[in-house]
Amino acid sequence: METVPAAQRSILIVGGGIAGITAAVEAAEAGYEAIIVEQGAYLGGRVAQLYKYFPKLCPPYCGLEINFQRLRKAPGIRVFTLAEVEQIVGRPGEFDVSIRLHPRYVNDRCTACGACTPVCPKDRPNAFNFGVGTTKAIYLPHEMAFPMKYAIDGSVCGFTECARCVEVCQYGAVDLAMQPRSFSLQVGAVVVATGWKPYDAGQLDYLGFGKYPDVITNVMMERLAAPNGPTRGKILRPSDGGEVNSVAFVQCAGSRDYNYLPYCSGICCMASLKEATYLRERNPNAKAHIFYIDLRTPGTYEAFSKKVREQYGVSITKGKVARVTEDSTSKQLIVEAEDILSAQKIQVRADLVVLATGIEPSLEPGKMDAPIVLDADRFVVSRGTADGIFTAGCAAGPMDVATAVQQATSAAIQAIGALQGAARR
Amino acid sequence: MAAATLLQPDLNFKQRILSLGGADLTACYQCGTCSVVCPISTADNPFPRKEMVWVQWGLKDLALSNPSIWLCHRCGTCSAYCPRDARPSEVMAALREYSIGHYASPTFMGRALSEPKYLPLLFAIPIIILLIALGLLGRLAALPEGQVVFSKFMSTTALEVIFIVATALALVGAALGGARYWKAMSRLDFGFWILDFGLRTGRPQSKIQNPKSKIQLIPTLLDILQHRKFRQCQAEPVGTRRTHQEHLFGAHLAIFYGFLGLTLTTASVMIGLYVFGYFTPWPLWHPVKILGNVSGAAVAIALVVFALRRNPDQARPGKNTYSDWLFLWILFLTVGTGFLSQGLRMLEMAVLAYPTYFMHLVFVFFLLAYIPYTKFAHLVYRTVALLYAAPSGVAERSRPQALAGASAPPSEGLAP
């Protein structure tokens, strides 16, 4: 019996978010080798930044924890963080992949004891909290980071001029001389799970983002509500730290709009309904008001919409917010919309305005030299087993976590199918 | 059970609006961004969102029987911010053009001015009338001898008879059209469409009470003289996008006062002639003559601005309809032949001066006699709409009252 080449037993997984992790563990538990290449410093991606999932309102850390367990237990998973796939060439069963590893400046000896942070003199915006607050140049990506290792932001670190972290680290884990390096490997199939990024609210010239500090985005709201967020889970006005008694949610902020993202981002209506519950669970007297074009809660999510409106007393108005101003005396925000059902223009005062910004593909066109096809909206088109390259999660289009996980499982199975096809060839 | 409202969609109406420049309206998904960014639509009477759905559904009566289409001054902010690129400002313009034909009295005049095939006939009328006048005056055989004086060619009396009759007919047409529009608005009383896309049966309280005693003639005219609406179009921009706001106020102000100046010039000449016995032509340095020339120049410059805005080289120009160009060209030809006549007269080029003057009279006739049926009719219908809406405050720019602390919106309970 012929031996199967190693490449024909391994699957490259581009992206270490919930979809990439799922595809990797599914493939590994079936006996295949999975190589996760993640551009960030940790696995878990966007899901790690969420406070709760809809519709169950449970914390994503729980599911992530389970997946990290599976990841550790399954044989044959290799993880590269701060890594990028530069090139993929070849065909099913024999893809040559070039990977570039960016320096973390912290090696595997790190125990995440945190002795380095007090001595670090440089700050950087806290990317995990979407720029709310700062971290030191040497930072732990988040409390449950996988791998549980610090990293140094090379763009702000003083390196040899400072090196105080090197002095205090008793494990010798800081290595400021670390250099980027490239390497290549062979795989038999690829799963593209490059995920999404929140649409840049700064592009929306009429909704006050950037002009008024109390206009935030939905992903920032997740961080505000999260116990490990910048406010330790208190929902406070970013401008003055004041209590939030009313929130206006602006749906379709940049989605379904030919000037920005022409498509529906699919998850924002559910996300806003979910975030309205964050407010009410902290402040039962607070009011949440959702302005929508169409409240899109497909399938069984309709029940969640009903529940939130009935049990959490959330008001909804059909009509898109197209003007955000500030009361010059009270500094409260005022949103304005046409209430379509009564054909009246209304204004609503709110302490906080949350822009329901949408999903944009993370993968920059041309960044990864690979035989993949992007659609008009820059999402990756999944073609068939013959290609040996499959997609999972928001790389393929806007979707919720549950769908992304299902897709990732199916992508793992398709990838295994491609490997087996190649082995028979 | 309340009687059901039977909707009677008029698909020909919809098609006509699409062809008049509203072609993108089918993309509208009724989000109301347009109504909110509109600098002049009010809390009680937001537009143009409802106009979009009325046209989509072919609800002609609703679309044409409310003042909104004329309260709009086409700054284009709605089109700049529309997430669907449905271009509401173009739809409003198409509705205005349609409504001029719709309310035209007599009806055939509306059709005559909206279809190019009738253009020769429309020109033939003043040409024949003026030729008959010249024939009766015995001027068809030979041009007047000596110094060029237009009153030797076409007598002042003949001009008065022709143009007073033409103006009177135009006034009658304008009055009839305006009255039909007013009646249509009163009949719908634009109360019942306020709710639920206008589909709700029954009639909640009317938004516009219009007992005639409350007509605010003077304030409305003052608004028009000050171009207050145009200035409001420039107020409180929601963002940074480019609209048509910059050129509209200045250019329209110039053309408006240019026309007023020309009217004043004509009146002064009449008074000078009959009260003081000054025969034309008056010298160029004469104050009235200066007023006339400056006014004419103001109109000409504004026309260039308006024509340039219709330049198809722009990123996305609106549709330029026959009616748009007809109006611009007639204005341009009127002013152009006016200046040319004056120049040729001073140059003593009789052979060219008299025919040019004849053409000038033809264009003036076209401009004045057909006022209620060309785009010029906006002065009738816009004034009627402003007068109609003024007592209710619906014509008044206002922001809605802010509800405290995200309180329940008016639609709560109606929502699905």
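**View 1. Chain B is built from 18 helices and one strand.** Here helices (H or I, at least four residues) and strands (E, at least two) are DSSP runs, numbered from the N terminus. This is a predicted model, where local features need pLDDT of at least 70, side-chain atom pairs count only at pLDDT 80 or more, and totals for chains, interfaces and linings use all residues. Residues are numbered from 1 along each chain as its sequence is written, while chains are lettered from A and ligands numbered from 1 in the order in which they are written.

**View 2. Inside chain B, 42% of the 416 residues are buried.** Buried means that 20 or more other C-beta atoms, placed from the backbone, lie within 10 Å of the residue's own. Take the contacts in chain B with a separation of 6 or more: 75% of them join residues 24 or more positions apart. Two residues are in contact if their C-beta atoms, placed from the backbone, lie within 7 Å.

**View 3. Chain A comes with seven helices and 24 strands.** Of its 425 residues, 53% are buried. For contacts in chain A with a separation of 6 or more, the share from residues 24 or more positions apart is 69%.

**View 4. Chain A splits into domain 1 (6–102 + 180–195 + 362–424) and domain 2 (199–358).** These bounds come from an automatic or database domain assignment. Where they touch, domain 1 of chain A brings 11 residues and domain 2 of chain A brings 17 residues. Their centres, taken over C-alpha atoms, are 32 Å apart.

Definitions and conventions
A residue is buried if 20 or more other C-beta atoms lie within 10 Å of its own, exposed if 12 or fewer, and partly exposed in between; C-beta atoms are placed from the backbone.
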